[in-house]
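Please read this briefing beside the sequence and the model. The notes take up the sheet, then the salt bridges, then the pocket.

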Amino acid sequence: RKGDILKRINGTQLTGAVEVVPLISGRRPGSVLFLEVQRGELTLKMRIQIGDRPPEADVINELPDDDD
């Protein structure tokens, strides 16, 4: 959700956004990751499954407007 803060991926503590890509980029579709997310005062633990990466054109078309 907008405003969530990603704190850990598979137990690895994150200190900045630059750390996210290396932790997930080598994963294949179907791989499972465990996330820890800060949402307001709550700490949430989530299990997610990596999906297929959409074509680049689809990703560009889904970027949010500056108003979002």
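How many bridges join E1 to E3? Four bridges join these two strands, which run antiparallel. The model is a predicted one, in which local features need pLDDT of at least 70 and side-chain atom pairs count only at pLDDT 80 or more, whereas totals for chains, interfaces and linings use all residues. Residues are numbered from 1 along each chain as its sequence is written, and side-chain values use heavy atoms, with hydrogens and water left out.

**Sheet**

- Four strands form an open sheet in the order E2-E1-E3-E4 with antiparallel pairing, where strands are DSSP runs of at least two residues numbered from the N terminus and two strands pair if DSSP finds at least two bridges between them.
- Strand E2 (12-13) and strand E4 (42-49) are the edge strands, each of which pairs on one side only.
- Ile9 stands opposite Leu35, a residue of E3.
- Strands of a sheet pair through backbone hydrogen bonds, either parallel or antiparallel.

**Salt bridges**

- The structure holds two salt bridges, a term that requires a side-chain nitrogen of Lys or Arg within 4 Å of a carboxyl oxygen of Asp or Glu.
- In one of them, Arg39 pairs with Asp4, and the closest N and O atoms are 2.7 Å apart.
- Because Arg39 lies in strand E3 (residues 32-39) and Asp4 in the segment before strand E1 (5-9), this pair ties together parts that are 35 residues apart in sequence.
- Arg39 is partly exposed at a relative accessible area of 25%, and Asp4 is likewise partly exposed at 23%; buried means under 20% relative accessible area, exposed over 50%, and partly exposed in between, with a 1.4 Å probe and protein chains only.
- Arg8 and Glu36 meet through their side chains in a salt bridge, at 3.8 Å from N to O.
- That pair links distant parts of the chain, with Arg8 in strand E1 and Glu36 in strand E3, 28 residues apart.
- Arg8 is partly exposed, with a relative accessible area of 29%, whereas Glu36 counts as buried at 19% relative accessibility.

**Largest pocket**

- About 180 Å³ of space lies in the largest pocket, a pocket being an open set of points on a 1 Å grid over the protein atoms alone where a 1.4 Å probe fits, with protein on both sides within 12 Å along at least five of seven lines.
- Among the residues that line the largest pocket are Ile24, Arg27, Asp52 and Pro54, where a lining residue has an atom within 4 Å of a point.
- By class, this lining has four nonpolar, two polar and four charged residues.

Key: Grid points are joined across faces, edges and corners, and a volume is the space filled by probe spheres set on the points. Ala, Val, Leu, Ile, Met, Phe, Trp, Tyr, Cys and Pro count as nonpolar, Asp, Glu, Lys and Arg as charged, and the others, Gly among them, as polar.
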